[in-house]
Each structure stands twice: as C-alpha cells, then as structure tokens.
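Please read the following explanation alongside the sequence and the coordinates, moving from the strands to the charged side chains.

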Amino acid sequence: MIGSYGDIVFTVSEGKVLTFDGLEKDLSARFAKHEIHLNKPILEFIGESLAEIKLSIKLDTNLGINPKRQLDKIEQSIRNGERKVLMIGSNFIGYFAIEKMSEKFKRVDNRGNILAIDIDLNLTESHYDNRNNSNTWKN
C-alpha cells in the first residue's frame, strides 16, 4: 500500500494502479502584529495554521480503476464534509477534509461513460479539539 485517504487506498498491483502524483504539503504559522507608536510593530506567534495538501489522481479504466465509482466516493465525501485519515505508507499525516476538487475528463466513450479522468484535490487539515473534553471538530 502506497497510502490511503479514508477508504480510498493508493496501490500498485498487477491489475490495478491507483496512485497520487505531485503531492504538495503547505505548512504555515499565524502571527499577530501589535502596532507600537513611533516604533516597529511587535510580531507575536499565535500558533500553527492548518496544513494544506494538494495532489493529483488519475482514474483510468486501463489501470484497472472504475473512474465513476471512485469519483462518486470523492464527491460524496465533499458533499458530506467528511474528515478522513491521510496515510502515506505507514505514516499518519493527519485528518483532512477535501475542500476543492477539479476534474479534467480525458476519455469518454460513445455512451458518455467516463473511461479516464484526472482530478486535482485540495485537502485541509482538520483536527479533533480535546481541550476541556470537547467533542467538537475544529477546522
């Protein structure tokens, strides 16, 4: 297993290839600027920002994948605002939600069935806030 995002397993085998390409992870920090009269502002570290990940996936019948079935799973995840575990190999990357998906249809048959499609996903970290025994998700 190359990795997974929830129930989508990235794998390469004899009859099936489902992988991601060009995974990019952005990390940043949050700062507040406090204005000081006749002086430079003071920069205060507030905390980490949510991580953002961008990746591309090729869904192709020639690679043993049913593009429509995988696309439906991803679209349902977006519609439901689902937060899922992202793993690369055996490494836990975090909980992420898909905020945006772009689709590029590559091949469609004469009945309108999708044979190959490239999708770009933008994921944003979502973590469980356990302060004060809160059972709420924070975005």
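**Strands and charged pairs**

Leucine 86 stands opposite glycine 94, which belongs to S9. This is a predicted model, in which local features need pLDDT of at least 70 and side-chain atom pairs count only at pLDDT 80 or more, while totals for chains, interfaces and linings use all residues. Residues are numbered from 1 along each chain as its sequence is written, and side-chain values use heavy atoms, with hydrogens and water left out.

Strand S8 (residues 83–88) and strand S9 (residues 91–108) pair in the antiparallel sense over 6 bridges, where strands are DSSP runs of E with at least two residues, helices are runs of H or I with at least four, and both are numbered from the N terminus; two strands pair if DSSP finds at least two bridges between them. Both belong to an open sheet of 8 strands with antiparallel pairing, in the order S3-S2-S1-S8-S9-S10-S7-S4. Strand S3 (17–18) and S4 stand at the edges with a single partner strand each, so one side of each has no neighbour in the sheet.

Side chains of opposite charge can pair when their charged atoms come close. The structure holds 7 salt bridges, a salt bridge being a side-chain nitrogen of Lys or Arg within 4 Å of a carboxyl oxygen of Asp or Glu. One of them joins lysine 58 to aspartate 118, with the closest N and O atoms 3.9 Å apart; this pair links distant parts of the chain, since lysine 58 lies in strand S7 (residues 52–60) and aspartate 118 in strand S10 (residues 114–125), 60 residues apart.

Another salt bridge connects lysine 68 and aspartate 72, whose closest N and O atoms are 2.8 Å apart. These two residues are separated by about one helical turn, because they are 4 residues apart in helix H1 (residues 67–80).

Lysine 84 forms a salt bridge with glutamate 82, the closest N and O atoms being 3.2 Å apart, and salt bridges with shared partners join Asp7, Glu82 and Lys84 into one network. Is lysine 84 buried or partly exposed? Lysine 84 counts as buried, because its relative accessibility is 15% and buried means under 20% relative accessible area, exposed over 50% and partly exposed in between (1.4 Å probe, protein chains only). Glutamate 82, at 27% relative accessibility, counts as partly exposed.

Aspartate 26 lies in strand S4 (residues 20–26) and is partly exposed, with a relative accessible area of 36%.
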